[in-house]
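Me: Could you walk me through this one? I'd like to start with the overall fold and then go strand by strand.

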Amino acid sequence: MRGLPMRCDRNRLFLNADFASVRDTLIRLFPPADVLDDDSRAVAELVLAEVLNNVVEHAYGGAGGRIDLSLRLGAGWIAFRVADAGMPYPANALPDARDELSGSLAEGGFGWGLIRALATGIAYRRAGRLNVLVFRIPVNISPLAA
Amino acid sequence: MDFACEHRGAVTVLRACGSRIDAAGAIQFKDRMRAACSGAAQRVVLDLSAVEFLDSSGLGAIVAVRRLLGEAQVLELAALTPPVARVFRLTRMDTVFVIHARAADAV
């Protein structure tokens, strides 16, 4: 799959849980001048990057694994579903909002703040041995693609 | 990530030559930038005009370089593209760094 699907069908792909695979997946899903306008593309790519990198770093703890990514392009949004077989989130819940966007010089901790600022409908559940995270990104279709 | 280094009087401009500062490249970015800063002037301006993608790990790397320079040098930024500017704005790091519209404005 290169670029986002033009139609509203469901697309699913699997990637390895390492930073290089995340980068390759993002470059493939969000090529320049795709169906999304520039702002929407940048926001979608950023949020998905943060989510996938969290899985690599925290759920799998850098030890590797598989990530199951589904996305669906709707009217004005993309819905994402990201599943992994890594460790459950602490307390089986989304991170506390207090950790977000602290403005401190901490090297980490910005990721969830960006996700919460840019995504809607964020929900996490532990399903058996899987973490399942769903979220939506509001998007505009590029005038070139319309 | 390579840097094009240019000394302009009391300022060293380091232009990031890659288009992404992300989790896959954050450690290398930090190491190379720190090396590039070792022979630099007291003011270092990081020109990000070529960078179209920055994630929180890349941001963390830039913040780490700023801290590594300590008191001896100051790190400023220039020419943020819209996607990069968004990350700085949402994390409020735009209030921590001096940010110039263009590298030439910093000289």
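Reply: Happy to, with one term settled at the start: helices, of at least four residues, and strands, of at least two, are DSSP runs numbered from the N terminus. Please keep in mind that this is a predicted model.

Me: OK, how many helices and strands does chain B have?

Reply: Chain B contains four helices and seven strands, and along the sequence they follow one another as β-β-β-α-β-β-α-β-α-β-α.

Me: And which strands form the open sheet, in what order?

Reply: Five strands of chain B make up the open sheet, arranged as β1-β2-β4-β6-β7, and the pairing within it is mixed. The edges are β1 (3–8) and β7 (99–100) of chain B, each of which pairs on one side only.

Me: Which way do β1(B) and β2(B) run, parallel or antiparallel?

Reply: They are antiparallel, with six bridges joining β1(B) to β2(B), and as a point of reference Phe3(B) lies opposite Ala16(B) in β2(B).

Me: What about β2(B) and β4(B), in which sense do they pair?

Reply: Strand β2 (residues 11–16) of chain B pairs with β4(B) in the parallel sense, over five bridges; there, Val11(B) stands opposite Arg43(B) in β4(B). On to the next pairing: β4(B) is also parallel to strand β6 (residues 74–78) of chain B, again through five bridges, and Val45(B) has Glu76(B) in β6(B) as its bridge partner.

Me: Why is β4(B) described as largely enclosed?

Reply: Strand β4 (residues 43–47) of chain B has four of its five residues buried, so the rest of the structure largely encloses it. Buried here means under 20% relative accessible area.

Me: Switching topic, how does the radius of gyration of chain B sit with a compact globule?

Reply: The two agree, because a compact globule with 107 residues would have a radius of gyration near 13 Å and chain B has 12 Å. Taken along the principal axes, the C-alpha atoms of chain B fill a box of roughly 30 × 25 × 25 Å.

Methods:
Residues numbered from 1 in each chain as written. Chains lettered and ligands numbered in written order. Predicted model: local features only at pLDDT ≥ 70, side-chain atom pairs only at ≥ 80, totals over all residues. Heavy atoms only, no water. Rg over C-alpha atoms; globule rule 2.2 N^0.38 Å. Buried < 20%, exposed > 50% of the residue type's maximum accessible area, 1.4 Å probe, protein only. Pairing = 2+ DSSP bridges.
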